[in-house]
Amino acid sequence: MGHLKKYYIMAENELNRRRTLNHEIQQSHIAEAEKAIPELSALRKKLSASGAKLSSILISGGDITKKLQQIADENISVSRQIKELLVKNGYSPDYLEPVYSCTKCNDTGIYENERCSCFLNDVKKFQCADLNASSAMNLCSFDTFELSFYSAKADSNGVVSHDRMEKIFNYCTEYARDFHLPVSGILMLGGTGLGKTHLSLAIGREVINNGYSVIYGSAPDLFNQIEKEHFSSHDEDNDTLQLLKECDLLIIDDLGTEFESKFNYSTLYDLINTRMNKGIPIIINTNYLLSEIQERYSGRIISRLATMKILPFCGEDIRLMKKAEF
Ligand SMILES: [Zn+2]
């Protein structure tokens, strides 16, 4: 388990936090309903007193079957009265029941003797958050993306940067807002400073807010980390590649700036291929032209990239324009 142990503990704490919160919600439901329906309190006391009765019967011994049956019948009748009262007063019949965030495992974190998917998703989210800690995910949003930096005049090819970028912006906002799985990936092409990183981080931020696990990293950082772990002798250090294959959305920034090596190529193919087979997307940003990508990467990587939505960014370097404003 290695590194994972830390995230399992975090997920366990998260589960406890949720249980406490849900218990408080249930208690507030009970308090509210008892205030609105005065008869409820006595009925609920009857129910909880049956537990004590039960233990005294068990201790007394003898022919207890009949007595137990009597208590069970009483409980059913009292429960029914409670539900009827609730409904009569405009509440749902299970308003006083425990509240669960995950109805699959009832917030135990265990389902069919295995870790429940809710728990494993939390583990994944904590891992991703850790990897994203140093990224600018929190700084880049769709709101801070400025279309006014793109020219409204046609360039020598007849392309109006502002119009094309507006389409790209709209595509990205919709992609993030309607994010679901499976979905295809995005290949963002264009020179430096055209807003690729900004928009991909904005997508990442929104998709995280929608409850998905997202990892963002620059190609050199991600590949260096994977390589380091691959050649490390500690098993517990091999978490990153697995996580990159499994997170709901992977964003690789600046593809092409990683070190050229067989290891990195096969890792890239492995990542793209595994994720595409599972229907979980990658967003890839690159300063390379399509022809340069073709020169650098193998046919099997290209054919996979070609199935992604291609967004050709255009305009002038926004970072320089922003600086020039001062
Ligand atoms: Zn669960």
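In which loop does T257 lie? T257 is placed in the loop between strand 5 and helix 9 (262–278). Helices (H or I, at least four residues) and strands (E, at least two) are DSSP runs, numbered from the N terminus. The model is predicted: local features need pLDDT of at least 70, side-chain atom pairs count only at pLDDT 80 or more, and totals for chains, interfaces and linings use all residues. Residues are numbered from 1 along each chain as its sequence is written.

T257 is partly exposed, because 14 other C-beta atoms lie within 10 Å. A residue is buried if 20 or more other C-beta atoms lie within 10 Å of its own, exposed if 12 or fewer, and partly exposed in between, with C-beta atoms placed from the backbone. Apart from neighbours within four places in sequence, T257 is in contact with A219 and P220. Contact requires C-beta atoms, placed from the backbone, to lie within 7 Å. E174 is 83 residues from T257 in sequence, and their C-alpha atoms are 29 Å apart in space.

The chain contains twelve helices and seven strands. Its radius of gyration, taken over C-alpha atoms, is 28 Å. A compact globule of 326 residues would have a value near 20 Å, by the rule of 2.2 Å times the number of residues to the power 0.38. The C-alpha trace spans about 95 × 50 × 35 Å along its principal axes. Two domains are assigned, domain 1 (4–115) and domain 2 (134–324); these bounds come from an automatic or database domain assignment. The domain centres, taken over C-alpha atoms, are separated by 48 Å. Buried residues account for 27% of the 326 residues. Of contacts between residues at least 6 apart in sequence, 78% join residues at least 24 apart.

An open sheet is formed by five strands in the order 4-5-6-3-7, with parallel pairing. Two strands pair if DSSP finds at least two bridges between them. Strand 4 (214–218) and strand 7 (309–312) are the edges, each pairing on one side only. Neighbouring strands are turned by 10° against each other on average, direction ignored. Strand 5 (residues 249–253) runs parallel to strand 6 (residues 282–286), and three bridges join them. Within this pair, I252 stands opposite I284 in strand 6. Helix 6 (residues 196–209) lies across strand 3 (186–189), strand 4, strand 5 and strand 6, at about 160° to strand 5. Axes are lines fitted to C-alpha atoms, for helices over the stretch in contact, and angles run from 0 to 180 degrees between N-to-C directions.

The largest nonpolar core holds 47 residues, of which V214 and I215 touch the most other members. Helix 6 gives the most to this core, with six residues. A nonpolar core is a set of buried Ala, Val, Leu, Ile, Met, Phe, Trp, Tyr and Cys residues joined through C-beta atoms within 7 Å. Beyond neighbours within four places in sequence, the contacts of I215 include C128, L131, L243 and I251. A second, separate core of six residues includes Y7, A11, C118 and F119.

Backbone geometry was also examined. A cis peptide bond joins L181 and P182, with omega about -5°. P182 sits in the loop between helix 5 (161–177) and strand 3. N113 is not a glycine, yet has a positive phi of about 65°. N113 lies between strand 1 and strand 2 (114–115), in the loop. N113 counts as exposed because it has 5 C-beta neighbours inside 10 Å.

Notes. Two residues are in contact if their C-beta atoms, placed from the backbone, lie within 7 Å.
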